[in-house]
There are 2 protein chains.
Amino acid sequence: MDAAQIRQKMAETNRRFEREVVAASNVDALDSIYTAGARILPPGAEMIAGRENIKGFWKSLLADAHLKKAALVTVEADIRDDIVTEIGRCDLAIQPAGGPETAMTIKYIVVWKEEGGAWKWHWDIWNAVS
Amino acid sequence: MDAAQIRQKMAETNRRFEREVVAASNVDALDSIYTAGARILPPGAEMIAGRENIKGFWKSLLADAHLKKAALVTVEADIRDDIVTEIGRCDLAIQPAGGPETAMTIKYIVVWKEEGGAWKWHWDIWNAVS
C-alpha cells in the first residue's frame, strides 16, 4: 500500500467510527476500528488494554455521557509502510434525553497499525483543548 | 543505531528532562529534549508547535504550577530506525513555596525522532490517570 492508499484506509476507519460506532451507538463496530491488542489512554483514567476492554469503555461513554456525534479531522500524519502516527482533532456532541446538545473539542494522537487489510487505531490518547 | 542503543539514548533524554529541566528548573535544557519542530498537546490547551513556544509553556508550568520533580517510566516502546513510539507514565511533585508537596501521576504517548545524534521528543501528549 502506498501513502495515498493508507490515507484512504485511515479515512474509511475514521468515517466508520463516526457513523457506525458513535452515531449508531454500536460498540461492536469497534472491531473494525481498534486492533485486537489496542491500548487507549483516556483522560482521568488508567490505560485500558485490549479491544474487548476498550468496547466496555466506549459502551459507558456512549450511554452514560450521551455521546451522540463525533467528527474526526487529521491535522498531521506521518505515514510509513507498517506504522502511522497521527495528530488529530475531534468535535463531539453530547445530548442527554430531552436536554440541549453541548459541544466539546478534543485533540489526540493515534498510532495506527494494519490489521487484516484495514488500518486501525493501535494506541489512542486524547485530552480536551480547553 | 540498533534498538538497544536507541533505548539507551531515550533513557539519557528522559533522565536529562528530570534533572536538567525539572529539578534544575531550566527550560533552556529543553533544546536537548524536544526536536526543533516538536509539537506538544497539553490537557486543557491547544497544541503548541515549535521548541521555542514549548519552552514558554514549560516555563509557566515550572514557575506557576511549582513543578519540582518528574520521574518518567517507559511502559511500552516500539523502536524503529527512524521513529519510536512510546507509552509512559510520569510521577510529578508539585510544591508551592512553604507549602506541602503534592503528587500527581500522568500517562503519555511520545513520538520520538533522532536529531543531531540524540533521540528527542517530537510529538508529546499526556493526561491524568485519575
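Q: How many residues of chain A are in contact with chain B?
A: In this predicted model, 18 residues of chain A are in contact with 18 of chain B.

Q: Which strands of chain A each supply at least two residues of the side that touches chain B?
A: Four are listed: β1 (34-41), β4 (84-94), β5 (102-115) and β6 (118-128) of chain A. The largest share, 4 residues, comes from β6(A).

Q: What classes of residue make up the side of chain A that touches chain B?
A: On that side are 11 nonpolar, 4 polar and 3 charged residues.

Q: How do strands of a sheet pair?
A: They pair through backbone hydrogen bonds, either parallel or antiparallel. In chain A, the pairing is mixed. The open sheet has 6 strands, in the order β2-β1-β6-β5-β4-β3.

Q: Which strands of chain A stand at the edges?
A: β2 (48-49) and β3 (67-79) do. Each has a single partner strand, so one side of each lacks a neighbour in the sheet.

Q: In which sense do β4(A) and β5(A) pair, parallel or antiparallel?
A: Antiparallel, over 11 bridges. Take Cys90(A) as a case: its bridge partner in β5(A) is Ile106(A).

Q: Where does helix α1 of chain A pack?
A: Helix α1 (residues 3-23) packs on the sheet. There it touches β3, β4, β5 and β6 of chain A. The direction of α1 makes about 165° with that of β3(A).

Q: Which strands does helix α2 of chain A lie across?
A: Helix α2 (residues 51-64) lies across β1, β2 and β3 of chain A. Helix α2 runs at about 55° to β1(A).

Conventions:
Residues numbered from 1 in each chain as written. Chains lettered and ligands numbered in written order. Predicted model: local features only at pLDDT ≥ 70, side-chain atom pairs only at ≥ 80, totals over all residues. Contact = placed C-beta atoms within 7 Å. Nonpolar A, V, L, I, M, F, W, Y, C, P; charged D, E, K, R; others polar. Pairing = 2+ DSSP bridges. Axes fitted to C-alpha atoms, helices over the stretch in contact; angles between N-to-C directions.
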